[in-house]
Protein chains: 2
Amino acid sequence: MSQAGPRGPLAIVCGGGRFPLEVARAAAAAGRPPFLVGLIGAADPAIENFPHVWLSVGQIGKLFSELRAHKIAEVALIGALTRPEFSELRFDWGAIKRAPELAIAFRGGDNQLLAGVASIFEREGLRVVGVHEIAPALLAPIGPIGRRAPAAAAEADIRAGAALLAALSPFDAGQGAVVADGRVVAIEAAEGTDAMLARVAQLRETRRLRFSGPAGVFVKAPKRGQDLRFDMPAIGPQTVAAAAKAQLQGVAVAAGAALIADRDEVARAADAASLFVIGYRP
Amino acid sequence: MSQAGPRGPLAIVCGGGRFPLEVARAAAAAGRPPFLVGLIGAADPAIENFPHVWLSVGQIGKLFSELRAHKIAEVALIGALTRPEFSELRFDWGAIKRAPELAIAFRGGDNQLLAGVASIFEREGLRVVGVHEIAPALLAPIGPIGRRAPAAAAEADIRAGAALLAALSPFDAGQGAVVADGRVVAIEAAEGTDAMLARVAQLRETRRLRFSGPAGVFVKAPKRGQDLRFDMPAIGPQTVAAAAKAQLQGVAVAAGAALIADRDEVARAADAASLFVIGYRP
């Protein structure tokens, strides 16, 4: 086993979606096969193809004893997780001991929650790492993915969307917006990207939003100053499908600060739907 | 007829919703019975209780000839209108003559569109007036409407929502947001207030958004620097009903810069739903 690399064994706490497994495969391919912690109700059952354990969100004591048993030094927190309500977590003893810190973390936006969770890990002597440290090949590059590139008007929409997201950053709200012909059409908050793009699709279908032909760009970027170890913005083939359904011209993500799942398939899907997908220089 | 007041006869171009008729009644009560211009497909048929004419959005030539025939000096543009697509307007000759100005107005956000429309009116010698000039009784006052007032946490959510809307102002996007326990839950853009509140209701019902009991405030305010003659933010009894359905604690609007339709009914509905409705000092 090459699990004990120069930085010691790695664990991945797995939420929902495809990223936990993609990151696990990329880490394994880089000679660092990880130990996976599947969050019950969120993680893909396919994590069982790796050394793994299943835990519920409130089992923090058990989490730390598992990580100690596997001599884990670094942990990545990957994948989607519906934000739990503090009062609904079923805490084990290890969590109850840390309840005051957890309660503080739960006040405020997602950034604050994740920063609080990270500091709890760090007090256990664990280093929390981001995808950019363990699987940099998943980061968005600068430039188009697939054959299409944005025209000048779409470039302007990308800049407007990026500026809007930067202005929203202090409010710890969303990571995405749709801008079309200079108009801000949708801004993402708690509903998430899929629901926001579905809303744009519906506004187009019902002619509440009238454009002739494809219009607008979905722009996705981390909050300014966001800790990229957590909740890095991510797109994948399903994002391209949702953008096509919303009759957009393309998708733009902050290069080096957003993840692309299944890049080859993203390129194929974008070409097939006549969309551009681009990593822009933030 | 007292139509020829000190500032001359008044016309109200009527979009959808209750406001055009409320403003018409308020103006008439103030001794200035208006001439109503109903936009076909948008205005309430009850405008026929006043002197009126029906026009489609592209009949700008006919609009100006009607206003001249009635010796109108001032025009208010009131009510909701689905933003038309420039290429879909059926222009009469008066509109075709003004097509270059109209095309410029149609590029960009709603503010730019409305400012462009206003300058077209002004070149015809007409003054475009706002509700605050002809029916100030409809403006939100400072303080609670109804019996409830926000607690300290809700006051903080109101301040956060107001700051968020101010930060969004340069982007000519929405006028509304929902903030709950310090978290930005929803931000309004092209979908409008009703759809945004319905989204929050759904996020609560499906437990994507988990709070125990009523949580959050719907904050509504004009964009910073917005010309209050156009598209002034407005709430009414249906806003209270939608806020209750979204399990909010209350509704806050910028005092003096937002309209309240049917204030008595708003107060009754708020009390019945145990919500606060408040005009905050912007």
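**Entry 1**

Phe121(A) counts as buried, at 5% relative accessibility. Buried means under 20% relative accessible area, exposed over 50%, and partly exposed in between (1.4 Å probe, protein chains only). Phe64(A) is buried too, with a relative accessible area of 3%.

I then checked for aromatic pairs and found two over all chains. Rings of Phe, Tyr and Trp (its six-membered ring) pair if their centres lie within 6.5 Å; planes under 30 degrees apart are stacked, over 60 edge-to-face, the rest tilted. The ring centres of Phe64(A) and Phe121(A) are 5.4 Å apart and the planes stand at 80°, so this pair is edge-to-face. Phe64(A) sits in helix 2 (residues 60-69) of chain A and Phe121(A) in helix 5 (residues 110-123), 57 residues apart. Helices (H or I, at least four residues) and strands (E, at least two) are DSSP runs, numbered from the N terminus.

In chain B, Phe64(B) and Phe121(B) form an edge-to-face pair, with 5.4 Å between centres and 80° between planes.

**Entry 2: the sheet in chain A**

I traced an open sheet of five strands in chain A, with order 3-2-1-4-5 and parallel pairing. Two strands pair if DSSP finds at least two bridges between them. Strand 3 (52-55) and strand 5 (127-129) are the edges, each pairing on one side only. Strand 2 (residues 35-39) is joined to strand 3 by four bridges. There, Gly38(A) stands opposite Trp54(A).

**Entry 3: the core**

I asked which residues touch the most other members of the largest nonpolar core. They are Ile187(A) and Ile187(B), out of 41 residues. Such a core is a set of buried Ala, Val, Leu, Ile, Met, Phe, Trp, Tyr and Cys residues joined through side-chain atoms within 4.5 Å. Contact means heavy atoms within 4.5 Å. Ile187(B) touches residues of both chains, including Leu168(A), Ile187(A), Leu164(B) and Met196(B).

**Entry 4: confidence**

I checked pLDDT, the predictor's confidence in each residue, from 0 to 100. Chain A has a mean of 89, and 93% of its residues reach 70 or more. Over residues 1-5 of chain A the pLDDT is below 50. Where pLDDT is low, the predicted coordinates should not be read in detail. The model scores ipTM 0.81 and pTM 0.83.

**Conventions**

Residues are numbered from 1 along each chain as its sequence is written, and chains are lettered from A in the order in which they are written. Local features need pLDDT of at least 70 and side-chain atom pairs 80 or more, while totals for chains, interfaces and linings use all residues; side-chain values use heavy atoms, without hydrogens and water.

Methods: Lists of a residue's contacts leave out its neighbours within four places in sequence.
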